[in-house]
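Please look over the sequence and the model below before reading on, and keep both in view while you follow the text. The paragraphs move from one part of the structure to the next.

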Amino acid sequence: MDHVDRILEQWNRERPDLDVAPMGLFGRLARLRIHVAREIEKTLLAHGLNSASFDVLATLRRSGPPYRLSPGDLIATTMVSSGTMTNRLDQLEKAALIERSHNPDDRRGVIIALTPKGLALVDEAVTAHVENEHRLLESLDAGERAALDSLLRKFLKDFE
């Protein structure tokens, strides 16, 4: 039994008229998100990053050479507000991990690019991040991982 099972037992005792099975799924997803986020943050922190800064750097990195995007493209990919993105970019620029330059296609706009330091850091961090994710999934065999991935993809599709 896990923590969620105990909660379900209580609800079944107190409200036997309700089918509380969905609470089990959502409760486990919520608790798992907290545990996984904590483990991911630890790995990123070891590289001087948090999930927000890693998100920006990783988005630039996976865009491919020359590792640059407009702020609008970054906002669309990371799904944060422009104010939040500006704050993230300011912090990353102070750390010399990104640089802003004028957009040659739009004189009013800017382009955000990884610096060599930012590229090296994100490559190091993403390697550790992926290794950590593999570690977090060790309790599931390959078939279980594939089945879980397939079910989550199907479920997520309903919302996206």
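In what order do the three strands form an open sheet, and is the pairing parallel or antiparallel? In this predicted model, the order of the strands across the sheet is β1-β3-β2, and they pair in the antiparallel sense. Because β1, residues 68–69, and β2, residues 98–103, stand at the edges with a single partner strand each, one side of each is left without a neighbour in the sheet.

The pairings can be followed strand by strand. Between β1 and β3, the latter covering residues 106–114, there are two bridges in the antiparallel sense, and one place to look is L69, whose bridge partner in β3 is I112. Between β2 and β3, which also run antiparallel, there are six bridges, and these two strands form a hairpin with two residues between them. At N103 you can find the residue that stands opposite D106 in β3.

Now step back to the whole chain. Taken along the principal axes, the box filled by the C-alpha atoms is roughly 65 × 30 × 25 Å. Of the 160 residues, 27% count as buried, and the protein exposes about 11100 Å², of which carbon and sulfur atoms supply 57%. As for charge, there are 22 positive and 25 negative charges, and their mean positions are 3 Å apart.

L8 lies in helix α1, residues 3–14, and counts as buried because its relative accessibility is 13%, which is under the 20% cut-off. Leaving aside its neighbours within four places in sequence, L8 is in contact with V20, M23, G24 and R28. N132 belongs to helix α6, residues 116–136, and is buried with a relative accessible area of 6%. When the neighbours of N132 within four places in sequence are left aside, the residues in contact with N132 are E39, I40 and T43.

Most residues other than glycine have a negative phi, and most peptide bonds are trans. Against that background, P65 and P66 are joined by a cis peptide bond with an omega of about 10°, and P66 is found in the loop between α3, residues 51–62, and β1. Y67 lies in the loop between α3 and β1 and has a positive phi of about 60° although it is not a glycine.

Is Y67 buried or exposed? Y67 is buried, with a relative accessible area of 16%. M79, which is not a glycine either, has a positive phi of about 60°, and its place is in the loop between α4, residues 71–78, and α5, residues 82–94. M79 counts as exposed because its relative accessibility is 71%, which is over the 50% cut-off.

Methods
Residues numbered from 1 in each chain as written. Predicted model: local features only at pLDDT ≥ 70, side-chain atom pairs only at ≥ 80, totals over all residues. Heavy atoms only, no water. Buried < 20%, exposed > 50% of the residue type's maximum accessible area, 1.4 Å probe, protein only. Areas by Shrake-Rupley, 256 points an atom, 1.4 Å probe, with all protein chains shown as cover. Lys, Arg positive; Asp, Glu negative; His and termini not counted. Charge placed at Lys NZ, Arg CZ, Asp CG, Glu CD. Pairing = 2+ DSSP bridges. Helix = DSSP H or I, 4+ residues; strand = E, 2+ residues; numbered from the N terminus. Contact = heavy atoms within 4.5 Å.
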